[in-house]
Amino acid sequence: NGPYHVGVSYLDQDIELAGGEIEADRWTLGAGYTYGPGMSLRGALAMGETSENVTPTSEDFTQITVGTDIQF
């Protein structure tokens with residue numbers, strides 16, 4: 001793929017607690033570009049939902065991550 005890379009992931013998680021359960025779903029799309037030996041730019045967009053039934057709540061979220069990776 002040359003200096004570019006792309007990835008997609010999905011998380012479906014259920015956590016059982018003594019008083020109830022927490023559920024989480026998340027989709028993530030990430031990409032990166034290597035611009036020199038040991039140096040790359042990276043970014044990701046994650047979207048999902050969490051819910052719990054102890055105190056019935058549900059929340060949607062969006063997360064954007066940008067960074068650089070330098071290895072020497």
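This is a predicted model: local features need pLDDT of at least 70, side-chain atom pairs count only at pLDDT 80 or more; totals for chains, interfaces and linings use all residues.

Q: Which residues make the tilted pair at 4.9 Å centre to centre?
A: Y4 and Y33. Their planes stand at 40° to each other.

Q: Where do Y4 and Y33 sit in the chain?
A: Y4 is in strand β1 and Y33 is in strand β2. They are 29 residues apart, so the pair links distant parts of the chain. Y4 is exposed, at 53% relative accessible area. Y33 counts as partly exposed, at 32%.

Q: And the other pair: what is the geometry of Y10 and W27?
A: The ring centres of Y10 and W27 are 4.5 Å apart. The planes are at 40°, so this pair is tilted.

Q: Which parts does the pair of Y10 and W27 tie together?
A: Strands β1 and β2: Y10 lies in β1 and W27 in β2. The parts are 17 residues apart in sequence.

Q: Is W27 buried or exposed?
A: W27 is exposed, at 54% relative accessibility. Y10 is partly exposed, with a relative accessible area of 42%.

Q: OK, step back to the fold. What is the strand order in the sheet?
A: β1-β2-β3-β4, in an open sheet of 4 strands. The pairing is antiparallel.

Q: Which strands are at the edges?
A: β1 (4-17) and β4 (57-70). Each pairs on one side only.

Q: How many degrees are neighbouring strands turned against each other on average?
A: 15°, with direction ignored.

Q: How many bridges join β1 to β2?
A: 14 bridges, and the two strands run antiparallel. β2 covers residues 20-36.

Q: Switching to charges. How many salt bridges does a search of the whole structure find?
A: The search finds 1 salt bridge. D69 forms it with R42. The closest N and O atoms are 3.0 Å apart.

Q: Why does the pair of D69 and R42 tie together parts that are 27 residues apart in sequence?
A: Because D69 lies in strand β4 and R42 in strand β3 (residues 39-52).

Q: How accessible are D69 and R42?
A: D69 has 22% relative accessibility and counts as partly exposed. R42 also counts as partly exposed, at 42%.

Q: Last topic, the surface. Which residues form the nonpolar patch?
A: Y4, Y33, Y35, M39, L41, I70 and F72. Together they have about 820 Å² of accessible area.

Q: Which strands each supply at least two residues of the patch?
A: β2 and β3.

Q: Where is M39, and how accessible is it?
A: M39 is in strand β3. M39 counts as partly exposed, at 31% relative accessibility. Patch residues need over 30%, so M39 at 31% clears that cut-off.

Definitions and conventions. Residues are numbered from 1 along each chain as its sequence is written. Side-chain values use heavy atoms; hydrogens and water are left out. Two strands pair if DSSP finds at least two bridges between them. Axes are lines fitted to C-alpha atoms, for helices over the stretch in contact, and angles run from 0 to 180 degrees between N-to-C directions. A salt bridge is a side-chain nitrogen of Lys or Arg within 4 Å of a carboxyl oxygen of Asp or Glu. Buried means under 20% relative accessible area, exposed over 50%, partly exposed in between (1.4 Å probe, protein chains only). Rings of Phe, Tyr and Trp (its six-membered ring) pair if their centres lie within 6.5 Å; planes under 30 degrees apart count as stacked, over 60 as edge-to-face and the rest as tilted. Patches are made of residues with over 30% relative accessible area and no salt bridge: like charges are joined within 9 Å, nonpolar side chains (Val, Leu, Ile, Met, Phe, Trp, Tyr) within 5 Å. Accessible areas come from the Shrake-Rupley method with a 1.4 Å probe; for residues, only the protein chains shown count as cover.
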